[in-house]
Amino acid sequence: MITLGIESSCDETSCGILKDGDNVLSNIILTQEIHSEFGGVVPEIASREHNKFIYEILEKALNKAKVEMDDIDLIGVTNGPGLMGALMVGIAFAKGLGFSYKKPVIAVNHIEGHILANFIEFDIKLPAIVMMVSGGHTELILMKDFGKYHVLGRTIDDAAGEAFDKVARILGLRYPGGPEIEKLAKKGDENYLKLPIAVKKELNFSFSGIKTAVMYYYRELSEADKGLHRADIAASIEKAIADNLLYKVEKAVDMNKPESLIISGGVAANNYIRKKFEEFSSEKGIKFYAPPLKLCTDNGIMVAKAAYENHIRGTATHNLNPVPNLKLIEV
Ligand code: KG4
Ligand code: ZN
């Protein structure tokens, strides 16, 4: 069975082609560089760029996979969460393809796509604790089975990726900030600036306090000290985000005794965080999984995987309306 996944919820235009549940035939991703000059994603520009390039991305994905539209059995498209206009472009495109080539089109929850990206390569024992960390979401999930998710905690303000992006902006780095902070942090001292664990009692997260603390601290530094300590601050924020995530992950693991720990979403591309999660898991005696780097940030293949899994389990959603604040269905 060949599934085409279409992703356009934010600033990546992507088409991925998956054979059965585990054979990636192609995964073409176009990251819209244009937003870096604005310090964040501009919704109107994102929609227009998706519109401009989505057909070309599909052609590339088909060519790389050496298949034609007639060979596709199923089309999956992200219908939320994400930017309204951006989602609409992908959905309209998918509907058009479905109508022209007489293919079934199903809606995919972007968060489920991020989670299932891990299951393409790995055979993961469940239940698992999933730490889903992206630019728009920070959700701590107990995954009992495919389609059976229970959200244990989420951010009450900024998402983890958003915290990376905002601190990067304070430090004068480009958008997206996560990869920039990671690069700079390699040369810094992670113990330079002590940042707290927020909302200790709950499984919810908060990152806006950390960001504000960095902002005030950095503002007071002389120009010379700013230059001297940017890398130290980057390393400190990276450590603080990792510590905040793991503090709650540990509680969730102790409470639920899962077989596995999974990290997913754009922030899962961070090598420091991956290493910390790996160390934590081996101390706890559970297996740790993170997607290959290319499948951490938004991509079409994670959408194809979620479409495929929902299709074979009979849980597919055919309602193709865009839902910007779509939640993960909890069971
Ligand atoms: O999953 P994603 O591509 O889009 C959303 O669904 O939001 O995640 C993008 C986020 C951005 O905030 C970006 O700064 C962050 O993931 N990110 C990283 C890294 N690569 C991307 N954060 C930390 N370290 C990275 N290497
Ligand atoms: Zn995403």
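**Note on the predicted model: zinc site, fold and backbone**

1. D298 is buried, at a relative accessible area of 11% (buried means under 20% relative accessible area, exposed over 50%, partly exposed in between, with a 1.4 Å probe and protein chains only). D298 is one of the residues that coordinate the zinc ion (ligand 2), together with H110 and H114; the atoms involved are NE2 of H110, NE2 of H114 and OD of D298, at 2.0 to 2.1 Å. Donors are N, O and S atoms within 2.8 Å of the metal (3.2 Å for Na, K and Ca); water is not among the atoms, so sites may look incomplete.

2. The donor residues follow the spacing H-x3-H-x183-D. H114 lies in helix 3 (residues 110-116) and D298 in the loop between strand 10 (287-289) and helix 9 (300-313), so that the pair links distant parts of the chain, 184 residues apart. H114 is also buried, with a relative accessible area of 2%.

3. This is a predicted model: local features need pLDDT of at least 70, side-chain atom pairs count only at pLDDT 80 or more, and totals for chains, interfaces and linings use all residues. Side-chain values use heavy atoms, with hydrogens and water left out; residues are numbered from 1 along each chain as its sequence is written, and chains are lettered from A and ligands numbered from 1 in the order in which they are written.

4. The protein has nine helices and ten strands (DSSP runs numbered from the N terminus: helices are H or I of at least four residues, strands E of at least two). Of its 331 residues, 55% count as buried. Among contacts between residues at least 6 apart in sequence, 73% join residues at least 24 apart; contact means heavy atoms within 4.5 Å.

5. Two cis peptide bonds deserve mention. One joins L126 and P127, with omega about 5 degrees; P127 sits in the loop between helix 3 and strand 6 (128-133). The other runs from Y175 to P176, with omega near -5 degrees, and P176 is in the loop between helix 4 (160-170) and helix 5 (177-185).

6. Most residues other than glycine have a negative phi, and most peptide bonds are trans. K66 has a positive phi, near 55 degrees; K66 lies in the loop between helix 1 (43-65) and strand 4 (74-80) and is exposed, at 74% relative accessibility. Phi of K102 is likewise positive, near 55 degrees. K102 is in the loop between helix 2 (84-101) and strand 5 (105-109) and is exposed, with a relative accessible area of 72%.
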